[in-house]
Amino acid sequence: MTATLLRTAAELHARARTGRRAVVMTMGALHEGHATLIRAARKIAGPDGEVVVTVFVNPLQFGAGEDLDRYPRTLDADVELAGRSGADAVFAPSVDEVYPGGEPQVRISAGPMGERLEGAARPGHFDGMLTVVAKLLHLTRPDVALYGQKDAQQLALIRRMVRDLNFGIEIVGVPTVREEDGLALSSRNRYLSPAERRTALALSQALFAGRDRHAAQEALRARAREVPATRARAEALSAIGESRAAADAHAVATTAGGPAAIRAAARLVLDEAARLDPPLTLDYLALVDPSDFTDIGDDFTGEAVLAVAARVGATRLIDNIPLTFGNLGAAS
């Protein structure tokens, strides 16, 4: 299908609406990760609904010295990919359309969560991001909006804003799309030279190492829960050597595991990448509670996020994977 290119909110508002409107917000330079979001939106909207893709490079979320001017702009290709993936319209407003009269005097504050991790590395970024998301939600008036889980902190903040400020819009997170070698798809990947791309693989490799360590810990914890509860049963099992195995599993699961071991497994990969040519320069590696992006403790249960950000050459990349702590094991 062919997507209609719209430049103004008036054009968008003039479109007839017969079903649910699903919106996918992007900064352009669309790739297969965006296509996955659009296809998910098409499925949610259904044949009678409408899928709108926004393309807007938001100046408010770029700090001094960041790549606003360098950020790729490929609108013709974006419209083609959006239509091919199931979008009905591409809303690509100008800066003046989104911010008439200049930068807004009233903005959304991301609060304490917006000062952690990405917020600490890029001060003011999340305030600018939430401000434009709020603006675009008002301009596009969707029933549901979809965002990629690769930007996990952004997704968490949007969910919090929509809930705290009663936007009345459903927010859907879509899993990260990766290349065959594991590198998370990003519009900034096109900046990487072949050598830099090889180094950049350390981000996903570190996350996978942490995930594998977590899976091993969860398996050991499951084994530890099978430790015999009675002396008689323990003595009986001792005859076939199972008590020692259970004790070993319990010891490893309780003393050599936890969040610190997961971070250590991931950090080992990143430390090795720091010695490559070109090297990887780590911004942060964190294992956090996605409700507020604070570090999790040893007794944490539920969903967590293992997140990493690093620079390779002049390009800054982020990635993350979800992990589940508790009886359910690890999420991949």
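Helices (H or I, at least four residues) and strands (E, at least two) are taken here as DSSP runs, numbered from the N terminus. The model is a predicted one, in which local features need pLDDT of at least 70 and side-chain atom pairs count only at pLDDT 80 or more, while totals for chains, interfaces and linings use all residues. Residues are numbered from 1 along each chain as its sequence is written, and side-chain values use heavy atoms, with hydrogens and water left out.

The relative accessible area of H34 is 11%, so H34 is buried (under 20%, with a 1.4 Å probe and protein chains only).

The structure holds 1 cavity of 30 Å³ or more, a cavity being a set of points on a 1 Å grid over the protein atoms alone where a 1.4 Å probe fits but cannot get out. About 80 Å³ of space lies in the largest cavity, the volume being that filled by probe spheres set on the points. Its lining, made of residues with an atom within 4 Å of a point, consists of K150, L183, A184, S186, N189, A200, L203, S204, L317, I318 and D319. Two or more of these residues come from each of α8 (194-224) and β10 (315-325). By type, the lining has 6 nonpolar, 3 polar and 2 charged residues.

Helix α8 has 31 residues and reaches 45 Å from its first C-alpha to its last, close to the 45 Å expected at 1.5 Å a residue (1.5 Å times one less than the number of residues). A kink of about 25 degrees in α8 is centred on S204, the bend being the angle between axes fitted to the seven residues ending there and the seven starting there. S204 also belongs to the cavity lining.

Note on methods. 1 Å grid on protein atoms, 1.4 Å probe; cavity = no way out; pocket = protein on both sides within 12 Å on 5 of 7 lines; lining within 4 Å. Nonpolar A, V, L, I, M, F, W, Y, C, P; charged D, E, K, R; others polar. Buried < 20%, exposed > 50% of the residue type's maximum accessible area, 1.4 Å probe, protein only.
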